[in-house]
Amino acid sequence: MPRFPVLGILGGGQLGRMTALAAIRMGVHVRTLAPQHEGPVAGLGETFVGDWTDPRVLAEFARGCDVVTVESEWAPAERCASVLEGSTRLFPTPESLMLVRDKGLQKRTLAGAGLPVPPFACCRTPDEAIDAARSFGFPVVLKRYRGSYDGYGNATARTDADVHAAWTDLADVDGLLVEAWVPFEQELSVLVARRPGGGAVTYPVAYTEQRDHRCHAVVVPAAVAASVADAASKLALQAAEAFGIVGMLGVELFLEPGGRVTVNELAPRPHNTGHYSIEGSHTSQFENHVRAVLDWPLGDPSLRDRCAVMVNVLGHRSGDTRVDAMAEALAIPGVAVHVYGKETVRPRRKMGHVTVTGSDPAEARSRAERAAELLIL
Ligand SMILES: Nc1ncnc2c1ncn2[C@@H]1O[C@H](COP(=O)(O)OP(=O)(O)OP(=O)(O)O)[C@@H](O)[C@H]1O
Ligand SMILES: [Mg+2]
């Protein structure tokens with residue numbers, strides 16, 4: 001009689017935690033490998049802590065797993081692939097991760113697949129960057145190719161001097177990506193879950209609001225014309241196909257004046273703009289990630305209610321986490337509070353989120369904002 005599968009997750013942050021919770025609910029055996037400490041996955045399934053660049057650590061972790069997945073595109077998937085035994089599969093594949101990880105290669109792959117992206121150039125010297133900026137017109141956004149998140153690794157340049165300063169701060173040996181600055185009306189995201197055979201489902205288009213280069217709030221469905229929502233969904237599905245994604249893909253989009261939708265960037269994993277789906281959707285992004293990598297039938301991504309709003313809870317101080325305001329936050333009706341179980345807090349660190357579903361987006365948003373403000377963990 002077939003047994004329930006063992007799912008390995010490289011990573012132990014909040015995405016690993018919420019993926020593990022979804023998997024455990026379905027009877028899947030979960031094993032995690034975190035490089036430093038258990039953190040948010042403590043107490044969930046079988047936890048390994050060790051140097052995840054060490055082939056022996058990876059081999060011990062992966063032995064007996066049916067599928068290994070990653071919680072972040074930065075997890076050492078290709079090292080893990082090289083030690084996998086027998087029929088253990090790795091999703092997303094190292095090939096998909098390689099195309100996404102480098103922002104220059106990612107943009108070239110998107111453009112090569114015919115997907116609309118803002119004008120961009122991969123520049124090896126400050127002079128090339130200045131030439132690109134002059135041809136696009138200032139301002140431009142300079143981006144590190146690798147390792148950036150939450151806006152770290154990006155700089156906006158309005159002058160040649162800004163380009164030189166950004167170059168000094170950010171450039172790698174292979175230079176920087178230079179992009180035209182997009183005067184977007186809104187930022188949107190679309191999440192896609194895709195199985196190994198190519199079957200896929202698309203979540204409703206989400207409106208995502210950034211503050212200080214971080215996702216602050218997400219409102220679903222986005223208040224956009226049906227033609228914009230259609231275009232956004234089609235682009236996301238095409239991106240998932242072009243990159244051969246298995247699992248979840250978060251597609252960050254710009255809605256430009258005039259209704260044009262362009263792709264900002266991809267995240268080959270559950271995405272912050274999909275956290276609302278735990279309460280908001282018939283099947284959450286975490287459950288669909290698990291189903292997709294196990295090649296199980298995908299669940300219904302549609303909303304359970306008219307709308308869902310998610311607000312991130314960021315750290316406001318440094319020290320140990322506290323639960324002082326939990327009671328006040330929970331007293332707000334209909335608020336689902338998620339706390340990630342990080343032992344220490346730092347200013348602006350993602351500590352949790354709150355979700356409210358309902359029929360009126362403005363009312364749901366005001367309750368979610370109030371709860372998130374109270375939760376200064
Ligand atoms: N070309 C651009 N024009 C205008 N704004 C931009 C551009 N590129 C990025 N931004 C703004 O900066 C934010 C962060 O950029 P990007 O998504 O490239 O960085 P990141 O550090 O990988 O982000 P994250 O981890 O938060 O998704 C975007 O959400 C958007 O608000
Ligand atoms: Mg981004």
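The model is a predicted one. Its domain assignment gives domain 1 (6–90), domain 2 (119–180) and domain 3 (186–374). The largest nonpolar core has 94 residues, and it lies between domain 1 and domain 3 because both of these domains give residues to it.

**Domains and nonpolar cores**

- Between the C-alpha centres of domain 1 and domain 2 there is a distance of 35 Å.
- Within the largest nonpolar core, the residues with the most contacts are Leu7, Val190, Ala239, Val251, Val309 and Ala368.
- Strand 16 (residues 307–314) contributes seven residues, the most given to this core.
- Domain 1 (6–90) and domain 3 (186–374) each supply residues to the core, so its position is between the two.
- Another core, of 18 residues, lies apart from the largest one, and its members include Ala132, Val141, Leu142 and Leu176.
- When neighbours within four places in sequence are left aside, Val309 is in contact with Ala217, Val219, Tyr276, Val356, Pro361, Ala364, Arg365 and Ala368.
- As general background, nonpolar side chains tend to be buried together in soluble globular proteins.

**Helix 1 and helix 10**

- Helix 1 (residues 14–25) and helix 10 (residues 285–293) have axes that come within 8 Å and cross at roughly 70°.
- Helix 1 is therefore roughly perpendicular to helix 10.
- The crossing in which helix 1 passes helix 10 is right-handed.
- On the side of helix 1, Met18, Thr19, Ala22 and Ala23 take part, and they meet Phe286, Glu287, His289 and Val290 in helix 10.

**Helix 6 and helix 7**

- The axes of helix 6 (residues 126–136) and helix 7 (residues 160–170) come within 10 Å, with a crossing angle of roughly 140°.
- This angle makes helix 6 oblique to helix 7.
- Helix 6 and helix 7 form a right-handed crossing.
- Helix 6 makes the contact through Pro126, Ala129, Ile130 and Ala133, and helix 7 through Asp160, Val163, His164 and Trp167.

**Cis peptide bonds**

- Phe138 and Pro139 are joined by a cis peptide bond with omega about -5°; Pro139 belongs to the loop between helix 6 and strand 7 (140–143).
- A cis peptide bond also runs from Val220 to Pro221, where omega is near 0°; Pro221 is in the loop between strand 13 (214–220) and helix 8 (226–242).

**Positive phi values outside glycine**

- Asp212, a residue other than glycine, has a positive phi near 50° and is placed in the loop between strand 12 (206–211) and strand 13.
- Asp212 is exposed because 9 other C-beta atoms lie within 10 Å, where 12 or fewer is the criterion.
- Asp295 is not a glycine, yet its phi is positive at about 60°; its place is in the loop between helix 10 and strand 16.
- Asp295 has 17 other C-beta atoms within 10 Å and is therefore partly exposed.

**Ser302**

- Ser302 lies in the loop between helix 10 and strand 16.
- Ser302 counts as partly exposed because it has 14 C-beta neighbours inside 10 Å.
- Not counting residues up to four places away in sequence, Ser302 touches Pro204, Ser281 and His282.
- Ser302 and Asp230 are 72 residues apart along the chain, and their C-alpha atoms are separated by 15 Å.

Note on methods:
Residues are numbered from 1 along each chain as its sequence is written. Chains are lettered from A and ligands numbered from 1 in the order in which they are written. This is a predicted model: local features need pLDDT of at least 70, side-chain atom pairs count only at pLDDT 80 or more; totals for chains, interfaces and linings use all residues. A nonpolar core is a set of buried Ala, Val, Leu, Ile, Met, Phe, Trp, Tyr and Cys residues joined through C-beta atoms within 7 Å. A residue is buried if 20 or more other C-beta atoms lie within 10 Å of its own, exposed if 12 or fewer, and partly exposed in between; C-beta atoms are placed from the backbone. Helices (H or I, at least four residues) and strands (E, at least two) are DSSP runs, numbered from the N terminus. Domain bounds come from an automatic or database domain assignment. Two residues are in contact if their C-beta atoms, placed from the backbone, lie within 7 Å. Axes are lines fitted to C-alpha atoms, for helices over the stretch in contact, and angles run from 0 to 180 degrees between N-to-C directions. Angles under 35 degrees count as roughly parallel, over 145 as roughly antiparallel, 65 to 115 as roughly perpendicular and the rest as oblique. A crossing is left-handed if the near helix is turned anticlockwise from the far one by less than a right angle, and right-handed if clockwise.
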